[in-house]
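Here is a short briefing to read alongside the structure.

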Amino acid sequence: MNATKDTDWNALADDEFRQHIRSFLEANYPSELRYPARRLFWNEIGFWYRKMSELGWIAPNWPREHGGMGLDPTKLLIFYEEHERWGVSRFADMGILMVGPVLIKHGTPAQQQQWLPKIIACENLWCQGYSEPNAGSDLASLRTEAVPDGDHYVINGQKIWTTLAQDATHIFVLARTDKDAKKQAGISFFLVDMADPGIRVRPIRDVAGHSELCEVFLENVRVPASNLVGAPNDGWNIAKALLSFERIFVGSPKYPNYALGVLARVAEARGIQDDPAFVELFARLRMSVEDHTACYARFIEIVKRGEQLPPDVSMLKIISTESFQAIADQVIRAAGEVAQLSGMVSLGATELDVLGPFFRALPSTIYGGTNEIQRNVLARDVLRLP
Ligand SMILES: Cc1cc2nc3c(=O)[nH]c(=O)nc-3n(C[C@H](O)[C@H](O)[C@H](O)COP(=O)(O)OP(=O)(O)OC[C@H]3O[C@@H](n4cnc5c(N)ncnc54)[C@H](O)[C@@H]3O)c2cc1C
């Protein structure tokens, strides 16, 4: 089909839409960048997202009047499923996934005009400044402070675990604006330019030797009052709305499926794919991923109906991340002694990153709400335990 920026995607049959996205990715996305073992930096993947921007595909979740594809929930899921299936790398996409939707819902027309087109054009890349050294699971204890000063706020504090802050031109920050209010009630949501001289970014080297997470220090950062989104002290409600989006996407079977794919390739490269013990193990893992996929599909149906996700959606994240870790462990066992080496290793004629799934699986039980917190939600809101 001949698609243009004006194509009404929602008018297509779901299968036709899926086929169009699939064929495009298969024909155009570079095969060497499929399923990268880490989040790619802008200098590695920016060319692809500029292309998506030119095509009008950069913001599938935004309404058309703001430059998005305006996909309905079913088409949006198909769009993401096809990207996951083909192993397309994400970039510093917090602008598309978080800032844009927040501004569309809570921003003033002036804020929308100022910020949205630059996100669509990939001129502004955003990172998420929520977590602090003593405020992760208990985010509402955050201590970064914003004090009014004329028509500005002055922000001081520190953020941590900020994904791809080194690529970002902007950061959205939760900061305390009322120290006397109940802790959730005194927080505001700010849009901050990373070029401000008071901002310092320090990358954190992780166990895999990568530096996709950073610390961000804010020292007397002057932010125009017009960069406050929503009402002063109402930032907690905005932050919560954003996190509800994460709850379903962190629970998708994409990572367990990716790890299963690596396991199959390792087994083939080592010639153990027909070994009865391996066949039994692989079948067991595969069946548990199928169970997970069926469970995920049940929640997807709820999203498609436009209904609110129930609290038992928390189980998806637990199942997904623990299954990802279990399969990543088996990749290491199947690879044998080369699993001691990080990066690409030779297994027969095949080059594989056998530690990649392990390093990606390790932090997955932490981000997007730790698995202990998800279990608390299940205990309190589903099982009604005392
Ligand atoms: C890969 C990765 C990317 C991230 N990206 C970002 C980002 O871009 N921006 C951002 O703001 N943050 C980001 N984070 C931070 C993430 O949101 C926090 O790490 C997470 O909220 C946990 O907070 P914490 O690290 O302070 O751990 P803590 O909250 O201190 O928890 C430590 C341990 O105690 C447990 N625990 C805490 N409270 C309870 C409780 N009430 N009941 C039972 N157990 C509990 C936790 O489960 C955990 O095991 C990222 C984290 C990771 C790993």
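This is a predicted model: local features need pLDDT of at least 70, side-chain atom pairs count only at pLDDT 80 or more; totals for chains, interfaces and linings use all residues.

Residues are numbered from 1 along each chain as its sequence is written, and side-chain values use heavy atoms, with hydrogens and water left out.

**Helix α9**
- Helix α9 covers residues 314-335, which is 22 residues. Helices are DSSP runs of H or I with at least four residues, strands are runs of E with at least two, and both are numbered from the N terminus.
- At 1.5 Å a residue, α9 should span 32 Å, and its end C-alpha atoms are 32 Å apart, which agrees. The expected span is 1.5 Å times one less than the number of residues.

**Ligand site**
- The ligand is surrounded by 17 residues, each with a heavy atom within 4 Å of it. The closest are Ser137, Trp161, Thr163, Thr370 and Glu372.
- The shell divides into 8 nonpolar, 8 polar and 1 charged. Ala, Val, Leu, Ile, Met, Phe, Trp, Tyr, Cys and Pro count as nonpolar, Asp, Glu, Lys and Arg as charged, and the others, Gly among them, as polar.
- β3 (152-163) and α11 (371-382) each supply at least two shell residues.
- A ligand nitrogen atom lies 2.8 Å from a polar backbone atom of Gln128. A ligand oxygen atom lies 2.7 Å from a polar backbone atom of Ser131. A ligand nitrogen atom is also 2.7 Å from a side-chain N or O atom of Thr163.
- Taken alone, the ligand exposes 980 Å², and the protein buries 65% of that. The areas come from the Shrake-Rupley method with a 1.4 Å probe.

**Arg90**
- Arg90 sits in the loop between α3 (73-85) and α4 (94-106).
- Its relative accessible area is 30%, so Arg90 is partly exposed. Buried means under 20%, exposed over 50%, and partly exposed in between (1.4 Å probe, protein chains only).

**Ser252**
- Ser252 lies in the loop between α6 (235-249) and α7 (254-270).
- Ser252 is buried, with a relative accessible area of 2%.
- A polar contact of 3.5 Å joins the side chains of Ser252 and Glu84.

Terms used: A polar contact is a pair of N or O atoms within 3.5 Å; within protein, one must be able to donate a hydrogen and the other to accept it, and residues adjacent in sequence count only if both atoms are side-chain atoms.
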